[in-house]
Amino acid sequence: SILRPPLQRPAENVFAVYISGAVKDILALVRAEVDQILRASLLPGAAIAVYLDGQLAVETSIGDRDLQRTVPLPVDASFYIYSVTKTLIAAAVLHQVKVGQLDLETPIQRYWPDFPVDTPITLRQILSHTSGLPDYGGLAAYHEAVKVSPGFPWSFQDYLNVARSRGLLFEPGTGWAYSNIGYLALKTLLEQTTGRSLQEILDALFFTPLGLSQTFVATSLEDVTNLTPGYTRALGSDDLVNMAQRYHPGWVSHGVVVSTAAELATMLDALFAGQVLEASLVEHMAQPVYSLGAHPPLKNVGCGLGLFVDTDSPYGQVMGHSGGGPGYSIAAFHFSALASRPATIAAATNQEGDNVAIDVAYAVARTLAEA
């Protein structure tokens, strides 16, 4: 890993300078575009960060921290990044492949003899969601448990029992189905292989080398006392409630990272700049294994190893991940040729929505491309 200096916070007017040096107030255009999305989706606020040519060009927020619209959302608000954590886990797996501790074509049962499914499943298949492993996201029992006891998550064995009882959805390698349980298996394998916690693994690979001060793996409610309020109806109320001190991070089976928009953008930008893994491994992650077709605003989505890849984007190859859960919607994408230069955009909203953070990130991308 290459040590990056601590984040250098950009002045608000630096955005226009990075784009074209023109008089246009690019930041104002971004704010206007994102504000429209927030109003249409009835969301309080969004935090946004943009890297251009390897430098943090903007760190800003639009809207409010609270539903009463009395406190502006801080630019450095902390969020659960939810499933964007999968990209970090995948990078950690590829790092272990590089050092010879793991092999992508080896069945997980070779490393984990008591794995709850007997059919051989390779690490590549788990990383790309082509393993056939089931998920708990659609189970009524899971959502009911979150509502009844948001502060007391299922145990490790509870999650594994879903795989044990449901079995495979298809023969490994013959289909595609998103599986949080698959990434729980990868996180567990990493911890078993290295003898370190996910926090220690990601700290060594991402957090410390990149000088991140607000990014960590949350494991308890005590860890997240500084989490920005996130508003949800997922906890059983007809009204929006703040989940920040109620929803235990253990409800995300594979572990969940807390970060800010700027620090999330730092991690993704460093990954695609070859500063976390060597470039050949990143290219391996970004090679689509299974095609999912169009999912607007993405034109043609392929699933790689811990990444979703848009191969038909007008902004070059687009690679990244989104995340969603009670209280937040998250997106972090790297655009290989946005306004003729590499760009990384991270967006986070403080109320969940139907992938609304992707819409926010792409609104920023469109504004930059048209500037």
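Visitor: Which residues lie nearest the centre of the largest pocket?
Guide: This is a predicted model, in which local features need pLDDT of at least 70 and side-chain atom pairs count only at pLDDT 80 or more, while totals for chains, interfaces and linings use all residues. Residues are numbered from 1 along each chain as its sequence is written, and side-chain values use heavy atoms, with hydrogens and water left out. A pocket is an open set of points on a 1 Å grid over the protein atoms alone, where a 1.4 Å probe fits and protein lies on both sides within 12 Å along at least five of seven lines, and lining residues have an atom within 4 Å of a point. The largest pocket is lined by 39 residues, and those nearest its centre are Ser83, Tyr178, Gly323, Gly324 and Asn355.

Visitor: Which element gives the largest share of the lining of the largest pocket?
Guide: Helices (H or I, at least four residues) and strands (E, at least two) are DSSP runs numbered from the N terminus. Those that give two or more residues to this lining are helices H6 (140–148) and H12 (356–370), together with strands S8 (290–295), S9 (298–303), S11 (318–325) and S12 (328–338). The largest share, 5 residues, comes from S11.

Visitor: How many charged residues are in the lining of the largest pocket?
Guide: In this classification Asp, Glu, Lys and Arg count as charged, Ala, Val, Leu, Ile, Met, Phe, Trp, Tyr, Cys and Pro as nonpolar, and the others, Gly among them, as polar. The lining of the largest pocket has 20 nonpolar and 14 polar residues, and its charged residues number 5.

Visitor: Which helix gives the largest share of the lining of the second largest pocket?
Guide: The second largest pocket has a volume of about 290 Å³, a volume being the space filled by probe spheres set on the grid points, which are joined across faces, edges and corners. Of its 22 lining residues, the closest to the centre are Lys187, Gly250, Val252, Ser253 and Gly255. Helix H7 (156–166), helix H8 (180–194), helix H9 (198–207) and strand S4 (216–218) each supply at least two residues of this lining. The largest share, 3 residues, comes from H8.

Visitor: Is Lys187 buried or exposed?
Guide: Lys187 forms a salt bridge (a side-chain nitrogen of Lys or Arg within 4 Å of a carboxyl oxygen of Asp or Glu) with Glu191, the closest N and O atoms being 3.7 Å apart. The two residues are 4 apart in helix H8, so about one helical turn separates them. On a scale where buried means under 20% relative accessible area, exposed over 50% and partly exposed in between (1.4 Å probe, protein chains only), Glu191 at 24% is partly exposed. With a relative accessible area of 18%, Lys187 is buried.

Visitor: How many residues apart in sequence are Arg341 and Asp53?
Guide: The side chains of Arg341 and Asp53 meet in a salt bridge at 3.6 Å, N to O, and Asp53 is partly exposed, with a relative accessible area of 44%. Arg341 lies in strand S13 (341–349) and Asp53 in the loop between strands S1 (45–52) and S2 (55–63), so the pair ties together parts whose separation in residues is 288.

Visitor: What radius of gyration does the chain have?
Guide: The chain has 12 helices and 13 strands. The globule rule is 2.2 Å times the number of residues to the power 0.38, with the radius taken over C-alpha atoms. For 371 residues a compact globule would have a radius of gyration near 21 Å, which agrees with the chain's value of 20 Å.
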